[in-house]
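Take a look at the model below. The text after it walks through the contacts between its chains.

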4 protein chains.
Amino acid sequence: MLNAIQETMLSPLDVFEDLESSVRSYIRSFPTVFTRARGSRMWDLQNRVYIDFFAGAGALNYGHNHPRMKEKLLDYVASDGIAHSLDMGTEAKARFLEQFQQVILEPRGLTYKVMFPGPTGTNAVESALKLARKATGRTTVVNFTNAFHGMTLGSLAVTGNKFKRGGAGVPLSNVVTMPYDGYFEGGLDSVDYLEQLLADGGSGISRPAAIILETVQGEGGVNVASAAWLRKVEKLCRRMGIVLIVDDIQVGCGRTGAFFSFEDAGLKPDIVCLSKSISGYGLPMALTLIKPELDVWDPGEHNGTFRGHNLAFVTATEALSFWRNDTLEQEIRLKGKRVRARLERWTVKYPGLKAKVRGRGLILGLVCGDPEKAKQISAAAFERGLIIETAGPDDEVVKLLPPLTIDPSTLDEGLQILEDSIEHVL
Amino acid sequence: MLNAIQETMLSPLDVFEDLESSVRSYIRSFPTVFTRARGSRMWDLQNRVYIDFFAGAGALNYGHNHPRMKEKLLDYVASDGIAHSLDMGTEAKARFLEQFQQVILEPRGLTYKVMFPGPTGTNAVESALKLARKATGRTTVVNFTNAFHGMTLGSLAVTGNKFKRGGAGVPLSNVVTMPYDGYFEGGLDSVDYLEQLLADGGSGISRPAAIILETVQGEGGVNVASAAWLRKVEKLCRRMGIVLIVDDIQVGCGRTGAFFSFEDAGLKPDIVCLSKSISGYGLPMALTLIKPELDVWDPGEHNGTFRGHNLAFVTATEALSFWRNDTLEQEIRLKGKRVRARLERWTVKYPGLKAKVRGRGLILGLVCGDPEKAKQISAAAFERGLIIETAGPDDEVVKLLPPLTIDPSTLDEGLQILEDSIEHVL
Amino acid sequence: MLNAIQETMLSPLDVFEDLESSVRSYIRSFPTVFTRARGSRMWDLQNRVYIDFFAGAGALNYGHNHPRMKEKLLDYVASDGIAHSLDMGTEAKARFLEQFQQVILEPRGLTYKVMFPGPTGTNAVESALKLARKATGRTTVVNFTNAFHGMTLGSLAVTGNKFKRGGAGVPLSNVVTMPYDGYFEGGLDSVDYLEQLLADGGSGISRPAAIILETVQGEGGVNVASAAWLRKVEKLCRRMGIVLIVDDIQVGCGRTGAFFSFEDAGLKPDIVCLSKSISGYGLPMALTLIKPELDVWDPGEHNGTFRGHNLAFVTATEALSFWRNDTLEQEIRLKGKRVRARLERWTVKYPGLKAKVRGRGLILGLVCGDPEKAKQISAAAFERGLIIETAGPDDEVVKLLPPLTIDPSTLDEGLQILEDSIEHVL
Amino acid sequence: MLNAIQETMLSPLDVFEDLESSVRSYIRSFPTVFTRARGSRMWDLQNRVYIDFFAGAGALNYGHNHPRMKEKLLDYVASDGIAHSLDMGTEAKARFLEQFQQVILEPRGLTYKVMFPGPTGTNAVESALKLARKATGRTTVVNFTNAFHGMTLGSLAVTGNKFKRGGAGVPLSNVVTMPYDGYFEGGLDSVDYLEQLLADGGSGISRPAAIILETVQGEGGVNVASAAWLRKVEKLCRRMGIVLIVDDIQVGCGRTGAFFSFEDAGLKPDIVCLSKSISGYGLPMALTLIKPELDVWDPGEHNGTFRGHNLAFVTATEALSFWRNDTLEQEIRLKGKRVRARLERWTVKYPGLKAKVRGRGLILGLVCGDPEKAKQISAAAFERGLIIETAGPDDEVVKLLPPLTIDPSTLDEGLQILEDSIEHVL
């Protein structure tokens, strides 16, 4: 393929400059052209290798092109397994449903009905919001500061980022934003606050259809809600008949240790949104999990062309085998502790960073006192062969999101590059 | 895989009944479990074969698992080509951009910038609406009766179907609906009507940011706009500085003959939405094409996890080779005429159907006087081994959407089943 | 009082220039300072006299300071009759309710409950929209092109004028605008059109809570709906369970002949809005009339400080005596015919005006081919001692709205000034 | 008049029961029919006398039918002073503008332009919101918990009461509600909180067009903002270019001591809304005061029929004479202290009330631990000849709102009745 590109007058990066819309973004942080990848490593056209601490923003929890999934995928494609099926029945879909039920839901005592809302996270969020509104007959949804739930109009309305919201071009409505756990620097128990508002006939906040939250806000800057706070939110929902939606798109599928990020706190959300790593291979796929009593959809009330992406079902089914025992889960927790410990040391070793550490499991943030530093660290890391992004409202957080399956030596190698980059920047 | 399913207590169809949300729909019209497919044929678990006149609702214009695309896909996966890349640069993406430019845009004198808005049609529509609103600073969008543009909140607001709209659970706003070409039975030139409204300071309709339309409304019942009407809409847009968005998701990629459905009318829309068949293989992928002067996005203002679905780029690039010459285009027009002629004969031969024919190229509708008849015909066809769906507000239209690449004998075989089904129903 | 003003440095008109907001409007068309008024005549500070063909935009149907009302008002004030009462019970209010029932409702077979929604027309409209939405549980309201219903956000949303709508500063929603009777120059039966939209599951227009209309659009340019069209709208409402709201604020209270403007067509609207001339004396007062089965308000669900403006109740009660027999009604119809005949003659006599005549009863419009002419005629008339305004989206209509009680010679005198003004302009 | 009513079969209260909408409210708390009033006393049909501690919900600060205003009103009406003038220039209006400028604005160093937005408070609020949005080009408005700003759709959107909001029948949007000073029982500096939200690019709260507030929330339960908090809000507005709107409809015109309720805190709001007592006589009238640099209205962009209610201008001008010196202001402060001291004593003397006292100037609330008690006290007071209402989200506050001009002995008499009622209830 390389040849074809080189025949043109354009250098490979110029292709994007010339032909792609100005909306492109990550290519600006990581200005190269990637060709192949395996596990935690990626290669570019110049055959340079990179360690990947970004993992497709959480879509590659099992690394790139996992060999067992790859094999299943090749077999399926080679045997003319049906690729596209709208939402008709297919063997690949049945198999996934069955395995998801046996490996994930049943052992956790969960009875969710599974909806395929379209292949991206925002499809899952939009369907969850629709269903919560339909089931309750209410319109307001409560979200939290620095939430990120997607770019289509319904999901964008529950997303906190002003720059993204501005893109809507119309006022976003039917949403009330509450402070996330620990948000207000002046101190505020945000669930008590919400509870007072809902109990007060004069607060202007009517009983919402749903509360939607991430247990760890990835895009929002690796903000971690405490288990106690999460349980308090759930109790409020139960007491007032509010649908609790957990958006586990970025931090589900094992990112925090357990398969669902809310397991540690013992939650049983009414609706769960999954996407990103659910296919295991980085293929577009999303799920909306719904408590049976809430599954009040009429047939076809929400639809979409790519609800039946069978290639994704095939790799997703294989990916579930990681969850047949607790090996991976233990590994994630262990690696998480190791990474965290190292980050904590840096906060002391490099006081010029004015840094603190946030995170849970293998999503960790190095919060820099000066946002510019965070950006410089990310750039320096890229030059040194490490892909790592920033997050937070001012991009002040260096966000570590390595594949969960990363081997210890690659993890260390990546961390060493990161430390070198910090030293370079300071 | 079959074994795994049969080992459980559930029959394969029971898996869906038990585990999937009640929102599932097409599986109700076509109650079987498909396993593999090739070209215009699909097989189910019982190894029954079906001719496919549905083609993934337009996502499989080149049929199932096209051998050349399949080969490229297998090679790419086998060589650990990067699968998931957010919107970073990859070779597969560069190659697609370049080919799309060379094969599609340049020969047609089009200078669009290409945006990857996320992998589904609704992502393309949402991004188009956002951009039109941003570029003009206006909020209203004009859509048309019986339009179908997607299920997320922004796209749903420009979709006509009441049942789908009802699913929103909130009022849908910032949209004004106009009658589509030929809509009002009492007669009405809908562009003249819109023009009068926009010229009138008392009409309550402010100048819109955009007009969004399908040149043929697929879901809406195979309603075909005339070239003259389309040109009149475009002229109105030019005169008033309104962004013209053509949603070519269902009827682009050759469905009406030319690659873009608007080529015959000579339109140059400001924004074009493509999805469904753009990957060629039924893989999730979508494009938003933007006139350079409208490409006012800030970097990352719209984003999403699956903008870099490289497996789709690989098959999409291969699919473009169909458009290096006009062989396929001629074939589509020819087949379209043949099918249409046969349908027209049926309207005479089976007066009990009270049918008329609508369509363009290879999207054709047999509009039944009695909606029940249309549903019965679809059901009878399925029993006889033909997958064919209904469309229109009352599901009164039997919609023919065979792969564009269907061979003549399979096409005839399918049409014969359809005629048999009609006779059975009557 | 004159002295007090003259003592300052400011000329009386300068007071407004210096101290009042730039939003002031009619004072710009009629740049003088009025002091007193009686019947159809007004005097200014320079003691110049003007004939009033504007009548408070319909708020002075019985002329200025009618002697019988004035007497009642003086007596009431002098005897310390309660002036302000929120919505507590007062004798003046009881008396009005009773008389309104006896003189207006009962003889017409109407059983409306009477609501005092606040003292202005827009309060009546807002309450009507709220109630229709509450009673039906639906959100959309259908209004018509060139409608005018008020300036507060709910009423503004059903008002057609783009300039006024623009003042909202936020998108106005939950409204669908249909063409008024005879609106589309290309011809269109707008009720048939609406009916098709409502019957069509793909039209994007859901069943509305209400249809709101004026039988004659005053501000919109003296557009007259035919009785047949009105009845067709009412039938559609009945058939589909839509609340029919007639805004009779400008053309009720006898302006078209009968007390209600919809009597001639034989309508029985579900809700009627009255204001402007209901107090008889130009005092702020408004009513919302509600069919008993629709009176589903909870106590205090809509409120306001000036629902109990007793001075207005006193003059309003006296004003009702005009409707104890049909003398005034006959007079209005007669005068209307006379004025119309004269206007019709002008369209022939002054072909340069390219004028046509529209109207019903004593609301009549001389529609000028060139909007500039209409404005010049109004200005020329003011210079000659006649107060007359323009209306319509481009102010192209010279609107005649004399007091209903104007004596024939003053009417002729006013018409003569108007004709002189036309001649002057031409 | 009494005769006319007695001739019918209906008892006077039955007239309301039979003919008025179920929305009527205060007549349910005070079930009698009033006939006349003077100063702080009202009489009913049975000639029973009541002391008025409600004062038209703040519309009768100078008591009922003040003799000097009454005389001016009678003279004006008798001399055929123009009653209704739309927004044309009249002598009465010029005189009011001039006096308002000389007596109120100039001495306070205020340079507001005066807008007559229509005769009720909600007109003033709607116009203020429109103007703030127009001037800033932004849509969001920040309001506070338990705010009350009116019943039309724009004002209702910034009103906190859920029951009233529910009446809208559509979602209310473009508003973000913040906790009022001292609102959250868990402690929260609400301006710091708002400031953090506005500084945070991820908070989901975009920079608002305006902040609207009452310095004392009357309907909301006599909640008093501290001067320090008010100044902090103002500073935030200045720093971020946010329009500060003070709704002084209920607590302006001297209710808290100074003419404007914000004078004590030293605020200079950008826009001020006045109504209720501005006419002095309880006649419908409202003002929107606008800093000159914000007066960006186009002529007629907001209008209305009753902007020129000249009878109200006449009494309003006379009412201004109360503010030529500080006699009334001193008196209000003195009476306020006396009433407050007595209420404070009751909180000790009647521990069963579990009461606390809130308020400023002559708006005072006795907050009862048990809302039922508050309602019983109001009812018991009515039986004993005292008109007094409850306020707050649960009607838990007995609200004292006597005329500012009440003579000391009547004030004491009223307080004694109130104490008797408390004793009766306990």
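Predicted model: local features only at pLDDT ≥ 70, side-chain atom pairs only at ≥ 80, totals over all residues.

Two strands count as paired if DSSP finds at least two bridges between them. Look for A:T90. Its bridge partner in β1(B) is B:F34.

Now widen the view to the whole interface. Chain B puts 110 residues in contact with 109 residues of chain A. Together the two chains bury about 9,800 Å². Carbon and sulfur atoms account for 64% of that area.

How many salt bridges cross the interface of chain B and chain A? The count is six salt bridges. One salt bridge links A:D80 to B:R38, with the closest N and O atoms 2.8 Å apart. Polar contacts between chain B and chain A involve 46 residue pairs, both residues at pLDDT 80 or more. On the side of chain B that touches chain A, helix α6 (residues 91-105) of chain B gives the largest share, eight residues. That side of chain B divides into 53 nonpolar, 32 polar and 25 charged residues.

Turn to chain C and chain D. Here the contact takes 110 residues from chain C and 110 residues from chain D. The buried area is about 9,800 Å², and carbon and sulfur atoms give 64% of it. Six salt bridges are counted between chain C and chain D. In a salt bridge between D:E20 and C:K93, the closest N and O atoms are 3.1 Å apart. There are 46 residue pairs in polar contact between chain C and chain D, both residues at pLDDT 80 or more. Helix α6 (residues 91-105) of chain C gives the most to the side that touches chain D, with eight residues. The residues on that side of chain C comprise 53 nonpolar, 32 polar and 25 charged.

Strands pair here as well. Strand β1 (residues 33-38) of chain C runs parallel to strand β4 (residues 89-90) of chain D, joined by two bridges. C:F34 stands opposite D:T90 in β4(D).

What relates chain C to chain D? A rotation of 180° with 0.0 Å of shift along its axis superposes chain C on chain D, at an RMSD of 0.0 Å. That is the relation of a two-fold axis. Among the residues of chain C, C:L153 comes closest to the rotation axis, its C-alpha at 2.6 Å. The copies meet through the same surface, because 100% of the interface residues of chain C are also interface residues in chain D.

Note on methods: Residues numbered from 1 in each chain as written. Chains lettered and ligands numbered in written order. Heavy atoms only, no water. Contact = heavy atoms within 4.5 Å. Buried area = accessible area lost by both parts, 1.4 Å probe. Salt bridge = Lys/Arg side-chain N within 4 Å of Asp/Glu carboxyl O. Polar contact = N/O pair within 3.5 Å; in protein donor to acceptor, adjacent residues only side chain to side chain. Helix = DSSP H or I, 4+ residues; strand = E, 2+ residues; numbered from the N terminus. Nonpolar A, V, L, I, M, F, W, Y, C, P; charged D, E, K, R; others polar. Least-squares fit on C-alpha atoms with pLDDT ≥ 70 in both.
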